[in-house]
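Here is a short briefing to read alongside the model. Take a look at the structure first, then follow the topics below.

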Amino acid sequence: MAVSCGDEIIPVLNEYIRLFDAGKELVVFTRDWHPEGHSSFVTHGGTWPVHCVRGARGAEIDDRLEFPSTCLLVSKAILQEKEAYSAFDGTRLAEYLVDLGVDQVFVGGVATDYCVKSTVLGGVANGFEVFLLKDAIRGVDLKQGDSARAVEEMRKGGARLVTIDEVKVLLSDLRPEWSR
Ligand code: ZN
């Protein structure tokens, strides 16, 4: 399942990964990890073409993404009958981050109008301060304007919209010890 121009955000995501890794912040990768015949597939009554079947090529993390020194990998929507757009849905990500003392979450990736939106709003609902990396997202836009509406929904829902330059400033303010 392709997100049009989705690979355009890879260099930007890599820049974020390097930035957060340099500051010893945790980087989390999330992926759909569906069983065969998942209920979200159009072949099984769902909306989407077959995608991200666990163990298959389509479920792999794109190998153009740079792996940081340490990262967490979250697999979601692993149950046959349950869709999960949010990385917080059906996972223990929220309690794990709370245990680590994390209070801010920065979200980028695909797709703006589904998994990104749900993860951002899920982060807010779980009490995190959430930043949407607006230069590192791409949407599906099944209906024209879906992505733009999703961004607005996230903003109204309490997320802060930021770009890489703004995050650099933000992090150097928060953590002057590693500003550069
Ligand atoms: Zn999926």
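Just after α3, Gly127 takes a positive phi of about 90°. Helices (H or I, at least four residues) and strands (E, at least two) are DSSP runs, numbered from the N terminus. This is a predicted model, in which local features need pLDDT of at least 70 and side-chain atom pairs count only at pLDDT 80 or more, while totals for chains, interfaces and linings use all residues. Residues are numbered from 1 along each chain as its sequence is written, and side-chain values use heavy atoms, with hydrogens and water left out.

- Helix α3 has 10 of its 14 residues buried, so the rest of the structure largely encloses it; buried means under 20% relative accessible area, exposed over 50% and partly exposed in between (1.4 Å probe, protein chains only).
- The buried residues of α3 include Thr112, Asp113, Tyr114, Cys115 and Val116, and Gly122 and Gly123 are also among them.
- The cover over these buried residues includes β1, β2, β3, β4 and α4 (146-156), where contact means heavy atoms within 4.5 Å.

**Backbone points worth a look**

- Most residues other than glycine have a negative phi, and most peptide bonds are trans.
- The peptide bond from Val110 to Ala111 is cis, with omega near -10°, and Ala111 sits in the loop between β3 and α3 (112-125).
- Cys5 is not a glycine, yet its phi is positive, near 65°; this residue belongs to the segment before α1 and is partly exposed, with a relative accessible area of 40%.
- Lys24, also not a glycine, has a positive phi of about 60°; Lys24 lies in the loop between α1 and β1 (27-32) and counts as exposed at 76% relative accessibility.

**The parallel sheet**

- What is the strand order of the open sheet of 3 strands? The order is β3-β4-β5, with parallel pairing; two strands pair if DSSP finds at least two bridges between them.
- β3 (104-110) and β5 (160-162) stand at the edges with a single partner strand each, so one side of each has no neighbour in the sheet.
- On average, neighbouring strands of this sheet are turned by 30° against each other, direction ignored.
- Strands of a sheet pair through backbone hydrogen bonds, either parallel or antiparallel.
- β3 and β4 pair in the parallel sense over 6 bridges, and Val130 in β4 is the bridge partner of Val105.
- Strand β4 (residues 129-138) pairs with β5, also in the parallel sense, over 3 bridges, and Leu133 has Val162 of β5 as its bridge partner.
- Helix α1 (residues 10-22) packs on the sheet, where it touches β3, β4 and β5, and its direction makes about 145° with that of β4; axes are lines fitted to C-alpha atoms, for helices over the stretch in contact, and angles run from 0 to 180 degrees between N-to-C directions.
- Of the 7 residues of β3, 5 are buried, so this strand is largely enclosed by the rest of the structure.

**Helices α1 and α5**

- The axes of α1 and helix α5 (residues 164-174) come within 11 Å and cross at roughly 5°.
- That makes α1 roughly parallel to α5 (angles under 35 degrees count as roughly parallel, over 145 as roughly antiparallel, 65 to 115 as roughly perpendicular and the rest as oblique).
- Glu15, Tyr16, Leu19 and Phe20 of α1 make the contact with Ile164, Val167, Lys168 and Leu171 of α5.
- By class, this contact has 6 nonpolar, no polar and 2 charged residues; Ala, Val, Leu, Ile, Met, Phe, Trp, Tyr, Cys and Pro count as nonpolar, Asp, Glu, Lys and Arg as charged, and the others, Gly among them, as polar.
- Lys168 counts as partly exposed at 36% relative accessibility and touches Glu15 and Leu19, not counting residues up to four places away in sequence.

**The zinc site**

- Which protein donors does the zinc ion have? They are Asp32 (OD), His34 (NE2) and His51 (NE2), lying 1.9 to 2.1 Å from the ion.
- Donors are N, O and S atoms within 2.8 Å of the metal (3.2 Å for Na, K and Ca), and water is not among the atoms, so sites may look incomplete.
- Along the chain, the donors of the zinc ion follow the spacing D-x1-H-x16-H.
- Asp32 and His34 are both buried.
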